[in-house]
Amino acid sequence: MSEISIRPALITGVLSGSIAQEIGFEVGDRIVSINGEKPRDLIDYQFLCADEFLELDVIDRKGKTHQIEIEKDYDEDLGLEFETALFDGLIQCTNRCPFCFIDQQPPGKRDSLYLKDDDYRLSFLYGSYLTLTNLTQREWNRIEQMRLSPLYVSVHATEADVRTRLLKNSRAGQILDQMRWFQERQLQIHAQVVLCPGINDGEHLTRTIEDLAQFHTGEIPAVASIAVVPVGLTRFRPDEDELIPVSPEKAREVIAQVQALQAKFRKEQGSTIVWLADEWFLIAGADLPPESHYEDYPQIGNGVGSIRLFLKEFETAAQRLPQKIAPAREYTWVVGNAVERAFLPILDRLNQVQGLTVKMVALNSQYWGQSMTVTGLLTGQDILAALQGRALGDGILLPSLMLKQDAAVFLDDMTVADLEHRLATKITIVQGVEGLIEVCQSMQAIAV
């Protein structure tokens, strides 16, 4: 990517008490260069700002150019936040995976829902998954030189023909050579396998896991962990995609297959190495593994152990719940029906608070056409259709993971404010375990 395409980095936040605030940076200012280098992204910015002496070329919010000199401690942060982590634009996906969620959405929604991210910078910074199929030699060199590790890689299959069939990209078959590249440089990846019945399951899944496990050796294993995730399908997917939904029978088959490999790896290498996403157990109607199974939760972002961790965190946080509240309160807690069974102990504990009634409403998504739905995929339309005309008590408890990260907007572009208006009830957005507890703690001023 040419230097011309690197836009000055737009500042959207100046932290209170920071060096940047002291100097007089303001929202709307832009950084052009640091010590003569134009940062491509947040990685460059953080690397360049680690020095003790900085010379910054800045364009202020009125368009005036400034040169600023800063002396600071090594690695001390300036205290700036930016519009985006990528100043030179997103590296987009060049694959045509039939199971891509972006291609399984209806048209006409916000533009950001259709961006196909396959950018190694976002993988390094935020743990998003990439396929390694679109990297130029320049990018490979940068990964090596800047030690950008770990990265999160969607492998899906190690057999060249199977992976090429899944990604529909002729470069997809190079995956094992790429794993060797990481191994030789002592760089790490976390691997993901999205399992599509009839394509990369059965003997192909075993082959993939065993191939990847061979790189889980040494002090810095090239493959740090593997997650197996069931393919997620919606009613908007193309008719000719050849994909089959995961049935309860298939889920039980995959669980048994992977658990046998887990036992083998624990015996031979002292680590489970490969983990199953929680969804497998939910689809199969089976009990989740114990909390101790997940080691240090290396694949938590992939939904591996997230329910167990949520239950564990709730158990600790629930010690702060009041014994009784007055006046009485009643809430409707909306979740995906995939977690209904797992969250019953939480519901029971909340309702042990005298004067507090929490009713859990576990929904599947008619919008996506799914019979079983994780909480994060529920849309405003799903909630409206299910709750309209129902008694909702003093309001709705809405998990934040249903919403856009920086705005109260669902995946179908309905806003929380619109849903609140149409249901004529208050909606409280809850951030994980702490959010649930805070709803009750906020009543302590009136607690008896």
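# Cavities, a helix and salt bridges: a selection tour

Select the lining of the second largest cavity: its residues divide into six nonpolar, no polar and no charged. The classes are nonpolar for Ala, Val, Leu, Ile, Met, Phe, Trp, Tyr, Cys and Pro, charged for Asp, Glu, Lys and Arg, and polar for the others, Gly among them. The model is predicted, with local features needing pLDDT of at least 70 and side-chain atom pairs counting only at pLDDT 80 or more, while totals for chains, interfaces and linings use all residues. Residues are numbered from 1 along each chain as its sequence is written, and side-chain values use heavy atoms, with hydrogens and water left out.

**Second largest cavity**

The volume is about 30 Å³. A cavity here is a set of points, on a 1 Å grid over the protein atoms alone, where a 1.4 Å probe fits but cannot get out, and lining residues have an atom within 4 Å of a point. Grid points are joined across faces, edges and corners, and a volume is the space filled by probe spheres set on the points. Helices (H or I, at least four residues) and strands (E, at least two) are DSSP runs, numbered from the N terminus.

**Largest cavity**

Next select Arg-7, Pro-8, Ala-9, Leu-10, Arg-30, Glu-83, Thr-84, Leu-86 and Phe-87, which line the largest cavity. This lining has five nonpolar, one polar and three charged residues, and the cavity has a volume of about 50 Å³. The count of cavities of 30 Å³ or more comes to two.

**Helix α8**

Move to residues 248-269, the 22 residues of helix α8. From first C-alpha to last, α8 reaches 31 Å, close to the expected 32 Å; the expected span is 1.5 Å times one less than the number of residues. Colour its buried residues: Lys-250, Ala-251, Val-254, Ile-255, Gln-257, Val-258, Leu-261, Gln-262 and Phe-265. Buried means under 20% relative accessible area, exposed over 50%, and partly exposed in between (1.4 Å probe, protein chains only). Which elements do the buried residues of α8 pack against? They pack against β8 (189-195), α7 (203-213), β10 (274-276) and α9 (278-284), where contact means heavy atoms within 4.5 Å. Just after α8, Gly-270 takes a positive phi of about 80°.

**Salt bridges**

Glu-210 lies in helix α7 and Lys-264 in helix α8, so the pair ties together parts that are 54 residues apart in sequence. Glu-210 is partly exposed at 30%, and Lys-264 is partly exposed at 32%. A salt bridge is a side-chain nitrogen of Lys or Arg within 4 Å of a carboxyl oxygen of Asp or Glu; the count comes to 26.

Then go to Glu-26 and Arg-61, with closest N and O atoms 3.5 Å apart in their salt bridge. Glu-26 is in the loop between α1 (19-23) and β2 (30-34) and Arg-61 in the loop between β3 (53-59) and β4 (65-71), so the pair ties together parts 35 residues apart in sequence. Glu-26 is partly exposed at 38% relative accessibility, whereas Arg-61 is exposed at 54%.

Finish with Arg-180 and Asp-177, which form a salt bridge (2.7 Å, N to O). Both are in helix α6 (residues 175-184), three residues apart, about one helical turn.

How values were computed: On a 1 Å grid over the protein atoms alone, a cavity is a set of points where a 1.4 Å probe fits but cannot get out, and a pocket is an open set with protein on both sides within 12 Å along at least five of seven lines; lining residues have an atom within 4 Å of a point.
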